[in-house]
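Let's learn to read a protein model together, one feature at a time. Have a look at the picture before the questions start.

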Amino acid sequence: MLRRDENMTDENLIKRLAKEISNAKKVIALTGAGISTESGIPDFRGPKGLWKRYDPEQSTYTFFRRDTKRFWELQIQMEEDGFDLSKAKPNPAHLALAKLEELGYLSCVITQNVDGLHQKAGNTDVIEFHGNSNRAICIECKRCYPMSEVKSRVKSGELPPLCEYCGGILKPDAVLFEEPIPTEALYRAQDEAASCDLMLIIGTSATVHPAAGLPSIAKSSGAKVVEINAEPTPLTGTISDYIIEGKVGKTLPKIVEEVEKLERL
Ligand code: APR
């Protein structure tokens, strides 16, 4: 945890970050599941995280290939258990990031999330580092299908769901453990991290690589790195310059409000 000197209250840190955002040449955001919890989507490692209720082993590519039927049954069970992306709506934190782009201060969002909420909120340059679970993809011919359609086929007994085109097995178009990050997303994210002068790290425990390595790329390229998160992470006091602790649904809109105030000066 960063040593907090007496006058570095959260309010002061929010004002400080707003000033850094307005003076920066290129600001990017790296987001994790913590930005979507206030949209009703559980995170993975928080107190009510998904990995407290489900075995991450069952989100590996090995498990998907070994027991495809069970894998898809679990997809339905997780949805019934609250991990339902189709109904989720952007929350004030997503909307604040979209506003920051609209004001011209945010050049892209690199997200580890697979819920598509940044795009729904209005951000136009979103790097989906772990793919997007609102679509399913055929592992053979790579044809994509809306996840809502595939899940209704699974619910009516099609287990596993198959590609109507080539008969291949369908899987969520999200990166499972053991799978590589989509090449284009990986290279672009690394380029953005290496060329920004301010990286906002929002709602991530910063524990899963290679996403968790992006802040070090930014830092070693001379960027300022600031965390906005409910709790300290391995980056706090090592890579990040400081952390603004609290719920992102509150802190992010306040930061953008301060940026707008500076604009009016
Ligand atoms: N406001 C601020 N921070 C929050 C909030 C909130 N409302 N809700 C949760 N957080 C914080 C948690 O305290 C935690 O530090 O967000 C972080 C979420 O961390 P994880 O659950 O580990 O999620 P994430 O970092 O995105 O996980 C990375 O791991 O399981 C894989 O592929 C999965 O993309 C995921 C990756």
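This is a predicted model: local features need pLDDT of at least 70, side-chain atom pairs count only at pLDDT 80 or more; totals for chains, interfaces and linings use all residues.

Q: How many helices and strands does the chain have?
A: Helices (H or I, at least four residues) and strands (E, at least two) are DSSP runs, numbered from the N terminus. Here the chain has nine helices and nine strands. Its radius of gyration is 19 Å, close to the 18 Å that the globule rule gives for 265 residues, so the chain is as compact as a globular protein of that length. That radius is taken over C-alpha atoms, and the globule rule is 2.2 Å times the number of residues to the power 0.38.

Q: Which domains does the chain have, and where are their bounds?
A: Domain bounds come from an automatic or database domain assignment. In this chain, domain 1 covers 1-40 + 90-130 + 181-265, and domain 2 covers 42-87 + 133-174. Their centres, taken over C-alpha atoms, are separated by 28 Å. Contact means heavy atoms within 4.5 Å, and twelve residues of domain 1 are in contact with twelve residues of domain 2.

Q: Is serine 59 buried or exposed?
A: Buried means under 20% relative accessible area, exposed over 50%, and partly exposed in between (1.4 Å probe, protein chains only). Serine 59 has 11% relative accessibility, so this residue counts as buried. You will find serine 59 in the loop between strand E1 (27-31) and helix H2 (61-66). Leaving aside neighbours within four places in sequence, serine 59 is in contact with Trp51, Met78, Leu176 and Phe177. Across the chain, buried residues make up 52% of the 265 residues.

Q: Where is arginine 153, and what does this residue contact?
A: Arginine 153 lies in helix H6 (residues 147-155). Its relative accessible area is 12%, so arginine 153 is buried. Beyond neighbours within four places in sequence, the contacts of arginine 153 include Tyr145, Glu158 and Leu170.

Q: Which residues does lysine 69 touch?
A: Not counting residues up to four places away in sequence, lysine 69 touches Leu159 and Pro160. Lysine 69 sits in helix H3 (residues 68-80) and is partly exposed, with a relative accessible area of 48%.

Q: Which peptide bonds are cis, and what is omega there?
A: Omega is the number to look at. A cis peptide bond joins leucine 159 and proline 160, with omega about 0 degrees; proline 160 lies in the loop between H6 and strand E6 (170-174). Another cis peptide bond joins histidine 209 and proline 210, with omega about 5 degrees. Proline 210 is in the loop between strand E7 (198-202) and helix H8 (214-220).

Q: What is phi of lysine 142 and of glutamate 178?
A: Lysine 142 has a positive phi of about 70 degrees although it is not a glycine. The loop between strand E4 (131-138) and strand E5 (144-146) holds lysine 142, which counts as exposed at 52% relative accessibility. Glutamate 178, also not a glycine, has a positive phi near 85 degrees. With a relative accessible area of 55%, glutamate 178 is exposed.

How values were computed:
Residues are numbered from 1 along each chain as its sequence is written. Side-chain values use heavy atoms; hydrogens and water are left out.
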